[in-house]
Amino acid sequence: MAKAKELKFRVPDAPGTLGEITTALAAKKVNLRAINAWVEGTEGVVRLVADKPAAAKQVLAKRGLQVEEKEVLELELSDKPGALAAVTTKLGQAGINIGHVMIGTAPARKCTVFVGVPDIKAAAKAAK
């Protein structure tokens, strides 16, 4: 079991904001290993794990973002039913509370992305 650095920051809730941020990270050759983003009121909240956390933090800071850095537990699980259940049950039985979970890319460097949007049909068309 390993540790990873998670970066958390807030952004204005506006179309294109996440695209601008991920484009800026990509321009500096920062690969995202996991990301979770949601909206609270008028702000977007983003949590991410990058292959180069120091470079990612620098890119975000240059954009004027206040970045919180935290160590998180990194687990590699089998892609099969019950794998997450087994480990989260063990954590609970040990009295360890889970604040949040993110699932990212596997060693094969492929991932499935689930995106909450108000208009799925329009978003699917735009994402093609």
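Student: Which residues of α1 are buried?

Tutor: In α1 the buried residues are Thr17, Ile21, Ala24 and Leu25. Because these residues cover an arc of only 100 degrees around the axis, they lie on the same side of α1, the arc being that of the directions from the helix axis to the C-beta atoms. The model is predicted, so local features need pLDDT of at least 70 and side-chain atom pairs count only at pLDDT 80 or more, while totals for chains, interfaces and linings use all residues. Residues are numbered from 1 along each chain as its sequence is written, and side-chain values use heavy atoms, with hydrogens and water left out.

Student: Why is threonine 17 called buried?

Tutor: Buried means under 20% relative accessible area, exposed over 50% and partly exposed in between, with a 1.4 Å probe and protein chains only. Threonine 17 has 14% relative accessibility and therefore counts as buried. Threonine 17 belongs to helix α1, where helices (H or I, at least four residues) and strands (E, at least two) are DSSP runs numbered from the N terminus. Leaving out residues up to four places away in sequence, threonine 17 touches Val11 and Pro12, contact meaning heavy atoms within 4.5 Å.

Student: What covers the buried residues of α1, and which exposed residues are on the face turned away from them?

Tutor: The cover includes β1 (2-12), β2, β3 (43-50) and α2 (53-62). The face turned away from the buried side carries the exposed residues Thr23 and Ala27.

Student: How do you know that lysine 29 is exposed, and where in the chain is lysine 29 found?

Tutor: Lysine 29 reaches 62% relative accessibility and therefore counts as exposed. Its place is the loop between α1 (17-27) and β2 (32-40). Phi of lysine 29 is near 60 degrees, which is a positive value in a residue other than glycine. Most residues other than glycine have a negative phi.

Student: How many residues are in the largest nonpolar core, and which of them have the most contacts inside it?

Tutor: The largest nonpolar core has 15 residues, and those with the most contacts inside it are Phe9, Ile21, Leu25, Leu48, Leu60 and Leu65. Elements β1, α1, β3 and α2 each supply at least two residues of this core. Apart from that core lies another, of 5 residues, among them Ala4, Val49, Val72 and Met102. Such a core is a set of buried Ala, Val, Leu, Ile, Met, Phe, Trp, Tyr and Cys residues joined through side-chain atoms within 4.5 Å.

Student: Which residues are in contact with phenylalanine 9, leaving aside neighbours within four places in sequence?

Tutor: Phenylalanine 9 is in contact with Ile21, Gly44, Val45, Val46, Leu48, Leu60, Leu65, Gln66 and Val67.

Student: What makes the pair of glutamate 71 and lysine 3 a salt bridge?

Tutor: A salt bridge needs a side-chain nitrogen of Lys or Arg within 4 Å of a carboxyl oxygen of Asp or Glu. In the pair of glutamate 71 and lysine 3, the closest N and O atoms are 3.6 Å apart, and the pair forms a salt bridge. Glutamate 71 lies in strand β4 (residues 68-74) and lysine 3 in strand β1, so this pair ties together parts that are 68 residues apart in sequence. Lysine 3 is exposed because its relative accessible area is 58%, whereas glutamate 71, at 46% relative accessibility, counts as partly exposed.

Student: How many salt bridges does the structure hold, and how far apart are N and O in the one between arginine 33 and glutamate 74?

Tutor: The structure holds 8 salt bridges. In the salt bridge of arginine 33 and glutamate 74, N and O are 2.5 Å apart. That pair links distant parts of the chain, with arginine 33 in strand β2 and glutamate 74 in strand β4, 41 residues apart. Elsewhere, salt bridges that share partners join Lys5, Lys57 and Glu69 into one network.
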